[in-house]
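Here is a short briefing on one protein model. Look at the structure first, then read the points below.

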Amino acid sequence: MKKKAKLILDDGTELEGWSFGAEKNAVGEVVFNTAMTGYPESLTDPSYAGQMLTMTYPLIGNYGVPTTEASANGLPRLMESGRIHAAALIVADYSEDYSHWNAKQSLSEWLKQEGVPGLTGIDTRRLTMLLREHGVMMGRIVIDGCQMSDVGCQSEDYGSVNWVEKVSCKEVITYNEGAGKRVVLVDCGVKANIIRCLIRRGIEVIRVPWDYDFNTLDFDGLFLANGPGDPEQCKTTVEHIRTFLNKEHVRPCMGICLGNQLLAKAAGAATYKLKYGHRSHNQPVQRIGTTQCFITSQNHGYAVDASTLPADWEELFVNMNDGSNEGIRHKTHPWMSAQFHPEACSGPVDTECKNA
């Protein structure tokens, strides 16, 4: 039997609904995602660490959850990491009955296994409008009969926590050893499909922790991964990137999402927090200097202040909804990054270069 539950926002707003998944309280930054599909990929995306994910699409759970098994290289086959990172899932209408040829279990069963609570039966349209007007804010899910000591009564500020440290790998991991060029991937909370894309291109991937001094390694290129939280918390990573950029031997560098922000900070630019972020499959992005527009998958709450880029750097992409930065590049060196997710998973693959 479902238990009553409610979401309490920091501004005092309370929304009542019903519990599914794990019967436990939760605390986190409340954000919304407007994608119509992809809840397994989103929940396992480390960039959602510390956040309670609200899906604006009303019907969630109807196609169940696929296998969580890993492939031979240790990466999950159909998820973006080995576990759920979101603190909770908030939906309008949870479907217990599911139907899909690839489904192995229901969404609620999976959430229970992972110890993650779900909240259904609330007006997610109202919640989304509140977040758009006020901006994202901290919140708590409280389930009838559960003690608040489960999560504490105070909502710790999301930006004050180093979430990257919590989700990054703890040791160096090598994939596709001995194959082609060697790329160091700085794991700030990398999605599995980024590594899959690199492996498919015949690249040896050396995955290192967020604070690892990769400049001591022998490699051909640098990749800065996505991840959660405020880039200000990654000062060690920024210093290592800056050392790389200042070396006499110039090597390629690429970044995605948080990687875009860290590359910009290493170059000398500033970042800021967006009011409610970009989390969806339908973000229109224009390539600077062209009429090309791409529909992209995105998940970020911070952005680069393009006006602070040094003279030898320039914007590469811009968001057509709000004008925020969506990528940068160096004017002479092979260093570039994208704020959106060309690897998708989930979302459109319009920006993945198939011939690379």
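Buried means under 20% relative accessible area, exposed over 50%, and partly exposed in between, with a 1.4 Å probe and protein chains only. This is a predicted model: local features need pLDDT of at least 70, side-chain atom pairs count only at pLDDT 80 or more, and totals for chains, interfaces and linings use all residues. Residues are numbered from 1 along each chain as its sequence is written, and side-chain values use heavy atoms, without hydrogens and water.

**Overall build**
- The protein has seven helices and 19 strands. These are DSSP runs, numbered from the N terminus: helices are H or I with at least four residues, strands E with at least two.
- Its C-alpha trace spans about 65 × 45 × 40 Å along the principal axes.
- Of its 356 residues, 57% count as buried.

**Aromatic pairs**
- Nine aromatic pairs turn up in a search of the whole structure. Rings of Phe, Tyr and Trp (its six-membered ring) pair if their centres lie within 6.5 Å; planes under 30 degrees apart count as stacked, over 60 as edge-to-face and the rest as tilted.
- Phe219 and Phe244 are stacked, at 6.1 Å centre to centre and 20° between the planes.
- Phe219 sits in the loop between β12 (204-209) and β13 (221-224) and Phe244 in helix α6 (residues 235-245), so this pair ties together parts 25 residues apart in sequence.
- Phe219 and Phe244 are both buried.
- Phe294 and Phe317 have ring centres 6.4 Å apart and planes at 75°, so they pair edge-to-face.
- Phe294 belongs to strand β16 (residues 293-305) and Phe317 to strand β17 (residues 313-319), 23 residues apart.
- Phe317 counts as buried, at 8% relative accessibility.
- Ring pairs also join Phe214, Phe219 and Phe244 into a cluster.
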